[in-house]
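Please read the sequence and the model below together.

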Amino acid sequence: MRTISTLLFCLFAGTAFAQSLSLITPLSNNLIESSGLLYLNGKLITHTDSGGETALYEIDTATGLENRKVYISNVTNIDWEDITSDQNNIYIGDFGNNQGNRTNLRIYKIALQDYWTKDTVEADTLTFDYSDQTDFSTTSFTTNFDAEAMISLGDSLYIFTKNWGNGLSYIYPIAKNPGNYSLVKTDSINAQGLITGAVYDSTARTITLIGYTFSDAFFIQIQQWSNLFSTGSVIRNVLAPNSSIQIEGIALIDATNFFITSEKFQTTISELHVLNTDFATNTNNFRSNITHYAYPNPAQSEINIPFNNNEVTTSIFDFNGHLLIRTKKNKIELDGIKAGTYILQIRQQKQLISHQKISVL
């Protein structure tokens, strides 16, 4: 296996840091829904989400294949969404809740000594609810009580919610001891999207969050906070991945480099990436050399694509991710498309050329 330093050199040498998210390899078919990510002792560890195995997988960082699998025998996988650790334990968050109706939210706690020495382990359990949630009726993709991100800091875990309803992320601390808890919201940040992963760098004292909207992906870095995370520097950077925008897992390599996994989304595949934050612009407008946009926008009856060759494919999606149009034409008739806002994606062969929102009048 290549060392991490060699891997990063191969990814970035000669590119003049042209983009901050670089593909390493597709993931194996067993990991198309890789959701949480952890990098410990040179081992990259992941898990799958709803309905997947109750197992942790170690990934070969060069090939995307599994090197090792550790089963957790006394738990279920309703919707595992993130993983973190401290000096003694691994914590798995079974708190995915995109319908807003779960009453069995859990975090599983596994001793690191067991993980490193056994192929089957048992976990202690923390169960919890959100003290401010009073309505548990099913509300598909509108709830503010979904969560996919968690960090370990001191004697607490911190859950960052994935708010479908308002684009914020609420922050709930929880003690690390097994038990039953009713969590109190202590803070929030304006994520402007769906938070899907989190990692804490204790050396740099930086929290890095990742997430996506229906048109792009992003990362947020929080630094220099006092008592609340929101009191610090909260900087959001837009990313434009070359494939799936549904980035899900993040693991710390060093102060400016992170492993990122993306889930299979629409026609894309699940992949392993490296995110380098050292040369991000620290604005809300960062994109990686994407300058080709469809026009006019807003559009009425047609939209033009700034290419004229059959290697370019244009796709239009609604905000539920449904494909409405896919064509190689450079002029797209919008007959049958209702007034509203959509996602337009342009690819040249497999290379992403543009993600943008378009408005149809």
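Helices (H or I, at least four residues) and strands (E, at least two) are DSSP runs, numbered from the N terminus. The model is predicted, so to speak of local features a pLDDT of at least 70 is needed and side-chain atom pairs count only at pLDDT 80 or more, while totals for chains, interfaces and linings use all residues. Residues are numbered from 1 along each chain as its sequence is written, and side-chain values use heavy atoms, with hydrogens and water left out.

The chain holds two helices and 28 strands. Of its 361 residues, 55% are buried; buried means under 20% relative accessible area, exposed means over 50%, and partly exposed lies in between (1.4 Å probe, protein chains only). Among contacts with a separation of 6 or more, 52% are between residues 24 or more positions apart, a contact being heavy atoms within 4.5 Å. The chain exposes about 15400 Å², and carbon and sulfur atoms supply 47% of that area. Accessible areas come from the Shrake-Rupley method with a 1.4 Å probe; for residues, only the protein chains shown count as cover.

Now the sheets. Strands of a sheet pair through backbone hydrogen bonds, either parallel or antiparallel. Here two strands pair if DSSP finds at least two bridges between them. Strand β5 (residues 66–72) pairs with β9 in the parallel sense over two bridges, and Ile-72 has Val-121 in β9 as its bridge partner.

Another open sheet of five strands runs β6-β7-β8-β10-β14, and its pairing is mixed. At its edges stand β6 (82–85) and β14 (179–183), each with a single partner strand, so one side of each has no neighbour in the sheet. On average, neighbouring strands of this sheet are turned by 20° against each other, direction ignored. The axes used are lines fitted to C-alpha atoms, for helices over the stretch in contact, and angles run from 0 to 180 degrees between N-to-C directions. Strand β10 (residues 124–130) pairs with β14 in the parallel sense over five bridges; Gly-179 in β14 is the bridge partner of Leu-126.

In strand β16 (residues 194–201), eight of eight residues are buried. Seven bridges join β16 to the antiparallel strand β17 (residues 206–212), where Leu-209 stands opposite Ala-198. Four residues lie between the strands of this hairpin, and Arg-205 takes a positive phi near 50°.

Most residues other than glycine have a negative phi. Asn-41, although not a glycine, has a positive phi of about 50°. Asn-41 is in the loop between β2 (34–40) and β3 (43–48) and is exposed, with a relative accessible area of 66%. Gln-224 has a positive phi of about 55°, lies in the loop between β18 (217–223) and β19 (233–239), and is exposed at 67% relative accessible area.

The largest pocket has a volume of about 520 Å³. Its lining has 25 residues, of which Leu-38, Leu-40, Ser-85, Tyr-200 and Leu-252 lie nearest its centre. At least two lining residues come from each of β2, β6, β11 (147–153), β16 and β20 (247–254). On a 1 Å grid over the protein atoms alone, a pocket is an open set of points where a 1.4 Å probe fits, with protein on both sides within 12 Å along at least five of seven lines; lining residues have an atom within 4 Å of a point. Grid points are joined across faces, edges and corners, and a volume is the space filled by probe spheres set on the points.
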